[in-house]
Amino acid sequence: MINLETPRKFRTFVNQAHQVAAEMLRPNSRRYDLAEHEYPVELDMLAAMVDGLGASGTGSGAGASGVRRSASDAASGDGVVNGSNLSSVLSIMEMCWGDVGLLLSMPRQGLGNSAIASVASDEQLRRFDGVWAAMAITEPDCGSDSANIQTTARLDGDDYVLNGEKIFVTAGGRCDAVVVWATLDKTLGRAAIKSFVVMKDTPGMTVERLEHKLGIRASDTATIRFENCRVPRENLLGTADIDQGFAGVMQTFDNTRPLVAAMAVGCARASLELTRDLLADAGVQIDYDRPVHLQPAAAATYLAMEADWEAAYLLTLQAAWMADNAQPNSLQASMAKAKAGRTANDITLRCVELTGSLGYSEHELLEKWSRDSKILDIFEGTQQIQQLIVARRLLGKTSAELK
């Protein structure tokens with residue numbers, strides 16, 4: 001049975017993550033928001049420290065590494081495991097309390113790393129150890145419908161030849177490699193979609209441009225083109241077997257969606273804490289012992305937001321815990337992502353509203369957090385896609401039956 005207290009073995013690591021967020025990420029938050037596309041050099045030291053924690057067994061990275069699941073995860077003592085998925089979401093919450101864009105810019109902690117950890121073979125895990133991997137799924141004519149991917153991968157001897165264009169690739173300009181989703185045969189639909197690790201120096205792979213964005217401006221977002229890009233056969237993640245279909249590729253999302261939910265939870269918590277302090281300075285006290293209808297409107301609004309935040313937090317813990325314990329969590333991962341993404345949007349914007357000119361100006365980080373939070377409801381599957389997935393799971397419908 002899940003215990004909602006932070007596991008004792010993670011408390012030191014979570015406290016360290018919070019200290020990093022408070023002393024390194026948040027103090028640099030505004031600087032790199034204004035200096036879009038400038039690489040945050042402070043992160044090199046932080047990444048080295050995170051690597052050291054992972055190597056020593058005292059941590060599992062900032063979140064995007066070490067999220068591999070296996071049936072043996074639930075084979076200890078009482079059958080309950082608090083593992084890398086749970087530690088990852090807890091540390092991500094703390095880091096995104098500091099800054100979402102800077103977390104997304106951390107070397108070797110990209111969403112592509114999570115994809116590798118989820119579906120790579122043991123040999124591939126060893127070969128790509130230490131590689132900073134981005135994830136390339138979205139295309140100009142293929143957004144939320146990942147089954148409609150047009151980028152092709154044609155087997156030619158010992159190589160796959162990739163052709164196509166990917167957009168909105170997080171860390172695409174800075175990474176060492178990109179995990180690219182491509183189809184082996186367009187006529188076979190989603191069953192033929194596989195993922196490939198493409199190293200950055202591979203001929204035929206070109207970073208076309210970096211996007212200017214509303215939020216997470218510390219993180220680079222790239223458009224990447226593949227023209228007759230030859231990728232070694234052994235860089236296909238998982239298996240080329242069509243019969244295994246889309247499931248192996250989609251398993252990545254079961255691990256990464258709780259991570260994005262954790263980002264939203266951390267960002268929303270930062271907004272709530274600062275707003276509570278600013279309301280207190282204005283003479284509005286949040287009283288947990290008084291009925292809501294007897295408190296000022298601002299206090300009542302705050303309490304409602306805090307309850308929403310708590311629901312998102314618990315759903316995120318549940319999805320991660322289930323992955324650690326080898327339980328199917330596709331439904332819970334989508335529920336957590338949908339709830340946390342929407343909640344973060346609502347909370348950060350309402351906090352700007354409650355704090356008036358202080359929230360809207362650059363005197364505080366509230367306006368930045370409201371901008372940063374928007375992407376958390378969009379990438380790794382939009383709000384609408386998550387609701388569709390949840391509906392399919394609850395109603396027992398296939399993607400063909402419920403579109």
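Mentor: A residue is buried here if its relative accessible area is under 20%, and exposed if that area is over 50%. The model is predicted. Ask away.

Trainee: Is E94 buried or exposed?

Mentor: E94 is found in helix α3, residues 84-98. Its relative accessibility is 11%. The limit for buried is under 20%, so E94 counts as buried.

Trainee: Which residues does E94 contact, leaving aside its neighbours within four places in sequence?

Mentor: Contact means heavy atoms within 4.5 Å. With neighbours within four places in sequence set aside, E94 is in contact with V14, A17, H18, A21 and R269.

Trainee: How far apart in space are E94 and C267, C-alpha to C-alpha?

Mentor: Along the sequence, E94 and C267 are 173 residues apart. In space, their C-alpha to C-alpha distance is 8.8 Å.

Trainee: What is the relative orientation of α3 and α8?

Mentor: Two packed helices are described by the angle between their axes and the distance between the axes. The axes of α3 and α8 come within 7 Å and cross at roughly 150°. Angles over 145 degrees count as roughly antiparallel. That makes α3 and α8 roughly antiparallel.

Trainee: Which residues of α8 make the contact with α3?

Mentor: From α3, the contact uses S84, N85, L86, V89, L90 and M93. By class, the contact of α3 with α8 has eight nonpolar, three polar and one charged residues. The α8 side consists of Y313, T316, L317, A320, A323 and D324.

Trainee: Y313 again. How are the rings of W309 and Y313 arranged?

Mentor: The count of aromatic pairs comes to three. In the pair W309 and Y313, the ring centres are 5.2 Å apart and the planes lie at 10°. Planes under 30 degrees apart count as stacked. So the pair of W309 and Y313 is stacked.

Trainee: What separates W309 and Y313 along helix α8?

Mentor: An α-helix has 3.6 residues a turn, so residues three or four places apart point the same way. Both W309 and Y313 are buried. They are four residues apart in helix α8, residues 297-324, and therefore separated by about one helical turn.

Trainee: Over the face of which residue does R26 lie?

Mentor: R26 belongs to α1. It lies 3.7 Å from a ring centre, over the face of W97.

Trainee: And how far is the charged end of R257 from the ring centre of F253?

Mentor: A charge counts as over a ring only within 6 Å of the ring centre. The charged end of R257 sits over the ring of F253. Its distance from the centre is 4.2 Å.

Trainee: How do α1 and α11 lie relative to each other?

Mentor: Helix α1, residues 8-34, packs against helix α11, residues 366-375, with the axes 11 Å apart. The angle is about 70°. The range from 65 to 115 degrees counts as roughly perpendicular. Therefore α1 and α11 are roughly perpendicular.

Trainee: How do the residues of that contact divide by class?

Mentor: From α1 come R26, S29, R30 and D33. They meet E367, K368, W369 and R371 in α11. The residues of the contact divide into one nonpolar, one polar and six charged.

Trainee: Which residues of α11 are buried?

Mentor: Helix α11 is mostly covered, with eight of its 10 residues buried. Those residues are L366, E367, K368, W369, S370, R371, D372 and S373.

Trainee: Is E380 buried or exposed?

Mentor: E380 sits in the loop between α11 and α12. It is not a glycine, yet its phi is positive, about 65°. Its relative accessibility is 9%, so E380 counts as buried.

Trainee: N228 next. Buried or exposed?

Mentor: The place of N228 is in strand β7. Its phi is near 50°, a positive value in a residue other than glycine. Relative accessibility is 51%, so N228 counts as exposed.

Trainee: Which residues does S219 touch, not counting residues up to four places away in sequence?

Mentor: S219 lies in the loop between β6 and β7. It is buried, with a relative accessible area of 1%. With residues up to four places away not counted, S219 touches G101, L104, S105, T170, A171, R174 and K213.

Trainee: What distance separates the C-alpha atoms of M205 and T382?

Mentor: M205 lies in strand β6 and counts as buried at 10% relative accessibility. M205 and T382 are 177 residues apart along the chain. Their C-alpha atoms are separated by 27 Å.

Terms used. Residues are numbered from 1 along each chain as its sequence is written. This is a predicted model: local features need pLDDT of at least 70, side-chain atom pairs count only at pLDDT 80 or more; totals for chains, interfaces and linings use all residues. Side-chain values use heavy atoms; hydrogens and water are left out. Axes are lines fitted to C-alpha atoms, for helices over the stretch in contact, and angles run from 0 to 180 degrees between N-to-C directions. Helices (H or I, at least four residues) and strands (E, at least two) are DSSP runs, numbered from the N terminus. Angles under 35 degrees count as roughly parallel, over 145 as roughly antiparallel, 65 to 115 as roughly perpendicular and the rest as oblique. Ala, Val, Leu, Ile, Met, Phe, Trp, Tyr, Cys and Pro count as nonpolar, Asp, Glu, Lys and Arg as charged, and the others, Gly among them, as polar. Rings of Phe, Tyr and Trp (its six-membered ring) pair if their centres lie within 6.5 Å; planes under 30 degrees apart count as stacked, over 60 as edge-to-face and the rest as tilted. Buried means under 20% relative accessible area, exposed over 50%, partly exposed in between (1.4 Å probe, protein chains only). A charge sits over a ring if NZ of Lys or CZ of Arg is within 6 Å of the ring centre and within 35 degrees of the ring normal.
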